[in-house]
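Hi,

Here is the structure I promised to pass on. Have a look at it first, and then read my notes below.

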Amino acid sequence: MQTLYNILIWLVEKLLPITKLFNPKMKLFVEGRKETFAILRAAITPKDQVIWFHVASLGEYEQGLPIINSVKELFPSHKIVLSFFSPSGYEIKKKSTLADAVVYLPLDTVANAKEFLDLTHPDLSIFIKYDFWPNILNELKARNSAVLLVSGGFRADQLFFRSTISWFKKPLKAFDHFFVQNENSKQLLNSIGFTNVTISGDTRFDRVANQLQQNNTLSFIQEFIDDKLCIVAGSSWPEEEEYIQKFLVQNKKEVKVIVAPHTIDTERIRKFKKNIDATSITFSERDQKNLSNYQVLILDTIGLLTKVYSYANIAFVGGAVGTTGLHNILEPAAFSIPIITGNNFNNFPEAQQLRSIQGLFAVSSSEEFNAVLNKLIEDANFRNDTGGIAGDFIENNRGATKIVTTYLKNYYVKNHKI
């Protein structure tokens with residue numbers, strides 16, 4: 001099985017350059033990885049002490065932020081290496097000053113794994129949530145390097161738990177400890193012999209709760225809203241934008257709508273503006289305009305959504321009307337506002353939990369969307385009660401960072417293991 005895996009990874013490495021000719025994202029994926037080892041050589045010396053964090057993409061980066069900040073306080077003399085698998089994370093955070101080196105994780109060949117770890121020589125490696133690469137994990141195990149998983153989430157349909165072939169489970173032996181989000185993940189790991197597991201919860205709750213203490217002021221949003229009720233469609237895809245479009249055609253309520261597309265597609269934005277029955281403006285058009293004269297603001301930029309949620313009365317979070325995957329519902333929940341999503345979120349336990357306590361509404365049609373949205377607009381008590389449930393949900397699930405930090409202090413600091 002190991003040989004077959006290595007052959008497949010080798011083939012992927014050879015064939016990937018072809019894909020960059022047809023897909024801009026794959027071009028970033030391929031070209032960015034060519035720079036990984038050079039970046040590491042420039043930033044890390046053989047004498048440096050290093051702690052390595054790996055995240056799959058931007059969502060896991062946000063999930064890992066509380067732990068990265070805690071680790072920097074606990075181990076101030078260590079350099080931090082941060083790796084991403086996905087371009088959607090790396091390209092946004094590659095200039096981050098949080099780490100001493102920010103890189104793409106190289107493809108998981110045996111040679112790449114050895115060179116990456118030779119250059120980083122981490123005293124501690126921390127993986128956030130998932131993204132397990134066998135050759136890298138096996139090499140970490142062979143080097144007796146400390147490895148943790150934080151905010152881990154496991155499902156019964158993963159090969160670790162479905163296959164009787166031991167090779168699929170072997171990489172998990174690299175982990176000294178698993179900090180998982182829930183009891184189900186713990187039981188799954190226990191079922192295949194791993195007892196070094198702690199239910200810590202999800203560090204994302206700490207991350208979004210901390211946002212309440214930040215300065216979330218955006219003067220142009222204040223001007224646009226003009227004391228009107230505000231609906232924010234965050235990380236929207238065309239499916240969610242169609243719901244918004246139909247709502248604006250069928251409802252003439254005096255509300256403001258902010259749309260933050262997941263991807264900035266100029267042509268898609270142009271068509272959306274053309275099809276909605278409302279005055280609209282994009283972020284890039286805002287200069288020298290009286291924003292209060294417009295009903296719809298489209299954010300054709302990135303990095304503002306979290307602060308924008310602080311101005312929302314209702315959030316419509318994208319990704320679950322279609323099948324691209326539900327985006328972050330915890331950010332709007334932290335601001336105690338009711339949340340609407342599509343109903344395709346089987347792999348998102350936080351959405352299932354929030355829905356079960358009636359802090360989230362899942363809709364399967366534009367008619368259902370309109371009905372829920374209209375009720376939230378018209379009934380202030382209902383809106384505030386639902387938002388309160390969402391806010392309490394965040395507050396009641398905080399604490400994962402403290403659990404992991406306590407482990408780091410007790411196991412690594414006191415015992416001088418790092």
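A definition before anything else: two strands count as paired if DSSP finds at least two bridges between them. Helices (H or I, at least four residues) and strands (E, at least two) are DSSP runs, numbered from the N terminus. Please keep in mind that this is a predicted model, where local features need pLDDT of at least 70 and side-chain atom pairs count only at pLDDT 80 or more, while totals for chains, interfaces and linings use all residues. Residues are numbered from 1 along each chain as its sequence is written, and side-chain values use heavy atoms, with hydrogens and water left out.

Now the sheet. Seven strands form an open sheet with parallel pairing, in the order β3-β2-β1-β4-β5-β6-β7. The edges are β3 (101–104) and β7 (197–199); each has a single partner strand, so one side of each has no neighbour in the sheet. On average, neighbouring strands here are turned by 20 degrees against each other, direction ignored (angles run from 0 to 180 degrees between N-to-C directions, and axes are lines fitted to C-alpha atoms, for helices over the stretch in contact). Contact here means heavy atoms within 4.5 Å.

Next, β8 (residues 229–236). Eight of its eight residues are buried (under 20% relative accessible area; exposed is over 50%, partly exposed in between, with a 1.4 Å probe and protein chains only). β8 pairs in the parallel sense with β9 (residues 255–261) over seven bridges, and Ala-233 has Val-259 in β9 as its bridge partner. Four bridges also join β8 to β12 (residues 314–317), again running parallel, and there Val-232 stands opposite Ala-315.

What about Lys-173, buried or exposed? Lys-173 is exposed, with a relative accessible area of 52%. You'll find Lys-173 in the loop between α8 (159–162) and β6 (177–180). Leaving out residues up to four places away in sequence, Lys-173 touches Lys-141 and Phe-194.

Finally, a helix pair: α1 (residues 2–19) and α7 (residues 134–142) pack with their axes 11 Å apart. Gln-2, Tyr-5 and Asn-6 in α1 meet Pro-134, Asn-135 and Asn-138 in α7.

Cheers
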